[in-house]
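Student: I would like to go through the labels given to this structure and ask what each one rests on.

Tutor: Go ahead; take them one at a time.

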Amino acid sequence: MDIDDLPRLILCPLRDSYNPTLGNDVITTQYENGMPRQRLAGIGRPHRTPVAFRHKAIHQDYLLAFWRLYRAKPFAMRLILDSTDLQWYECRFVGDAQIKDLGNKVFEFAIEIVAKPKPLNLKVDEAVIWAYGQTDGDLSSFFNPLEKLVNEDLPNAVRELHA
């Protein structure tokens, strides 16, 4: 199913509420001596993480209604998982929901979810690693070549015109 066709959970969880375990597609066989043997077991093992929401009563009603409708179905949710950007992921609720009344009509809703990983793009990963090595870890100088031109070279050139 396409992510755009899934129902969307509009609320974002508290960023400090989730600490994802990324899906690991590697099977490792440990030996008494020497290095372990490893192989890929397939691609696409889901990420797992607890998530929590802290919100007012109106959002609690929405969240509970969403959970009741989609507790056994896939849905889309915005998370920061296998990149540094907030992105939509196909998710499922897999844990027991926990609700806490914090008083003054503020609630907390916590649950564990699984999220489908984004498709692998090994060419992009190789390019990032190559660029990181070429710049000794200063990727901004590689990915933003116009920065020096706009912030240094152009102001220096314009300054010379007014001399």
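Student: Is Glu-90 buried or exposed, and what makes it so?

Tutor: This is a predicted model, so the answer rests on computed values. Glu-90 has a relative accessible area of 18%. Buried means under 20%, so Glu-90 is buried.

Student: What makes Glu-90 and Lys-116 a salt bridge?

Tutor: The N to O distance between their side chains is 3.9 Å. The criterion is a Lys or Arg side-chain nitrogen within 4 Å of a carboxyl oxygen of Asp or Glu, so the pair counts as a salt bridge. Glu-90 lies in strand 6 (residues 87–93) and Lys-116 in the loop between strand 8 and helix 2, so the pair ties together parts that are 26 residues apart in sequence.

Student: Why is Lys-116 called partly exposed?

Tutor: Its relative accessibility is 47%. Exposed requires over 50% and buried under 20%, so Lys-116 falls in between and counts as partly exposed.

Student: How many salt bridges are found in the whole structure?

Tutor: The search finds four. One of them joins Arg-48 and Glu-112, with the closest N and O atoms 3.1 Å apart. Arg-48 is in strand 4 and Glu-112 in strand 8, so this pair links parts that are 64 residues apart in sequence. Arg-48 has a relative accessible area of 40% and is therefore partly exposed. Glu-112, at 27%, also counts as partly exposed.

Student: What is the N to O distance in the salt bridge of Asp-4 and Arg-8?

Tutor: It is 3.2 Å, which is to be set against the limit of 4 Å.

Student: Which accessibility labels do Asp-4 and Arg-8 carry?

Tutor: Asp-4 has 52% relative accessibility and so counts as exposed, the cut-off being over 50%. Arg-8, at 29%, counts as partly exposed.

Student: What makes Leu-120 exposed?

Tutor: Its relative accessibility is 56%. The label needs over 50%, so Leu-120 counts as exposed. Leu-120 sits in the loop between strand 8 (106–115) and helix 2. Together with Ile-43 and Leu-122, Leu-120 forms a nonpolar surface patch, whose accessible area is about 350 Å² in total.

Student: Which residues gather in the patch of negative charge on the surface?

Tutor: They are Asp-136, Asp-138, Glu-147 and Glu-152. Asp-138 is in the loop between helix 2 (122–134) and helix 3 (139–143). Patch members need over 30% relative accessible area. Asp-138 has 36% relative accessibility and counts as partly exposed.

Student: What is the secondary structure of the chain?

Tutor: There are four helices and eight strands, in the order β-β-β-β-α-β-β-β-β-α-α-α.

Student: How do you know that the chain is more spread out than a compact globule?

Tutor: The globule rule gives 15 Å for 163 residues, while the radius of gyration is 23 Å, well over that value; therefore the chain is more spread out than a compact globule. Along its principal axes, the C-alpha trace spans about 70 × 55 × 30 Å. Buried residues account for 23% of the 163 residues.

Terms used. Residues numbered from 1 in each chain as written. Predicted model: local features only at pLDDT ≥ 70, side-chain atom pairs only at ≥ 80, totals over all residues. Heavy atoms only, no water. Patch = residues over 30% accessible without salt bridge, like charges linked within 9 Å, V, L, I, M, F, W, Y side chains within 5 Å. Areas by Shrake-Rupley, 256 points an atom, 1.4 Å probe, with all protein chains shown as cover. Lys, Arg positive; Asp, Glu negative; His and termini not counted. Charge placed at Lys NZ, Arg CZ, Asp CG, Glu CD. Helix = DSSP H or I, 4+ residues; strand = E, 2+ residues; numbered from the N terminus. Buried < 20%, exposed > 50% of the residue type's maximum accessible area, 1.4 Å probe, protein only. Rg over C-alpha atoms; globule rule 2.2 N^0.38 Å.
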